[in-house]
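Please look at the sequence and the structure together before reading on. The briefing below goes through the fold topic by topic, beginning with a question.

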Amino acid sequence: MAWASDLLVEEIGSPQRIAPFSVAVSAELLASGEVVSSGRLILLHDPAGNESWEGTFRVVTLTRADVGLDMVTDPFLPDVAWSWLTDALELHAADHAALAGTVTASYGRGFGRMAGDAEQAEVEVRASWTPRLEEGRTLAGHLSAWQELLRLVGGTPSLPPGIVQFPGRQ
């Protein structure tokens with residue numbers, strides 16, 4: 001996979017008991033030198049198939065980013081964050097089945113010795129789906145969709161072809 005230059009991706013250990021074969025990567029999306037989102041993606045493969053997967057492969061992801069304190073209390077945040085995933089899959093023609101997952105919006109405030117720490121708000125998308133790889137389809141669309149999800153969760157969506165973003169003022 002050709003990852004975007006602002007995405008740091010590395011292979012990490014993968015679960016060994018869920019499927020006979022697996023591979024996992026972690027990623028951090030950078031903007032202005034700061035991490036704006038991070039995630040893990042695991043690809044599971046069971047040649048015998050798995051009834052609940054509806055296939056022989058399964059993609060599993062956890063993607064998260066800090067959000068504004070006002071955003072974490074928005075009751076529509078989980079629906080919007082889930083649409084980021086479904087829109088990314090559709091945008092990258094990542095044909096799939098058995099999509100499942102959760103979106104968690106959390107808020108934290110320090111007390112006691114941690115009272116001076118900044119308040120934190122985060123959104124996390126956990127999802128899994130079965131990639132449809134029939135008829136010569138590859139995982140490329142699914143990996144591109146995950147890359148797009150990292151951008152959307154981090155507030156830095158890809159621009160449409162032909163659109164150029166001007167650098168911000170220094």
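In which sense do β2 and β3 pair, and over how many bridges? In this predicted model, β2 and β3 pair in the antiparallel sense, and 11 bridges join them. The chain as a whole has three helices and six strands, and from the N terminus on its elements run in the order β-β-β-β-α-α-β-β-α.

**The sheet**

- The six strands form an open sheet in the order β1-β2-β3-β4-β6-β5, with antiparallel pairing. Because β1 (7-12) and β5 (96-108) stand at the edges and each has a single partner strand, one side of each is left without a neighbour in the sheet.
- From one strand to the next, the twist averages 15°.
- Helix α2 (residues 77-91) packs on the sheet, where it touches β5 and β6 (120-131), and the direction of α2 makes about 145° with that of β5.
- Strands of a sheet pair through backbone hydrogen bonds, and the pairing can be either parallel or antiparallel.

**Strand pairs and hairpins**

- β1 and β2 (residues 21-31) run antiparallel and are joined by six bridges; in this pair, I12 stands opposite A24 of β2.
- A24 also has a bridge partner in β3, namely I42.
- The hairpin of β2 and β3 has two residues between the strands, and in this hairpin S32 takes a positive phi near 55°.
- β3 and β4 run antiparallel as well, with nine bridges joining them, and N50 stands opposite G55 in β4.
- In the hairpin of β3 and β4, four residues lie between the strands, and E54 takes a positive phi near 65°.

**The nonpolar cores**

- The largest nonpolar core has 30 residues, and the ones that touch the most other members are W84, V123, W146 and V153.
- The elements that give two or more residues to this core are β2, β3 (34-50), β4 (55-66), α2, β6 and α3 (140-153), with the largest share, seven residues, coming from α3.
- Apart from this core lies another one of five residues, among them A19, A24, I42 and W53; A24 and I42 are also the bridge partners named above.

- Leaving aside neighbours within four places in sequence, W146 is in contact with W3, V25, A27, G39, R40, L41, T61 and T63.
- The structure holds one aromatic pair: the ring centres of W3 and W146 are 5.9 Å apart and their planes stand at 80°, so the pair is edge-to-face.
- Since W3 lies in the segment before β1 and W146 in helix α3, the pair ties together parts that are 143 residues apart in sequence.
- W3 itself is partly exposed, with a relative accessible area of 26%.

**The chain as a whole**

- The C-alpha trace of the chain spans about 55 × 45 × 30 Å along its principal axes.
- Of the 170 residues in the chain, 34% are buried, while the chain exposes about 10,400 Å², of which carbon and sulfur atoms supply 53%.
- Among contacts between residues at least 6 apart in sequence, 59% join residues that are at least 24 apart.

Terms used. Residues are numbered from 1 along each chain as its sequence is written. This is a predicted model: local features need pLDDT of at least 70, side-chain atom pairs count only at pLDDT 80 or more; totals for chains, interfaces and linings use all residues. Side-chain values use heavy atoms; hydrogens and water are left out. Two strands pair if DSSP finds at least two bridges between them. Axes are lines fitted to C-alpha atoms, for helices over the stretch in contact, and angles run from 0 to 180 degrees between N-to-C directions. Contact means heavy atoms within 4.5 Å. A nonpolar core is a set of buried Ala, Val, Leu, Ile, Met, Phe, Trp, Tyr and Cys residues joined through side-chain atoms within 4.5 Å. Buried means under 20% relative accessible area, exposed over 50%, partly exposed in between (1.4 Å probe, protein chains only). Accessible areas come from the Shrake-Rupley method with a 1.4 Å probe; for residues, only the protein chains shown count as cover. Rings of Phe, Tyr and Trp (its six-membered ring) pair if their centres lie within 6.5 Å; planes under 30 degrees apart count as stacked, over 60 as edge-to-face and the rest as tilted.
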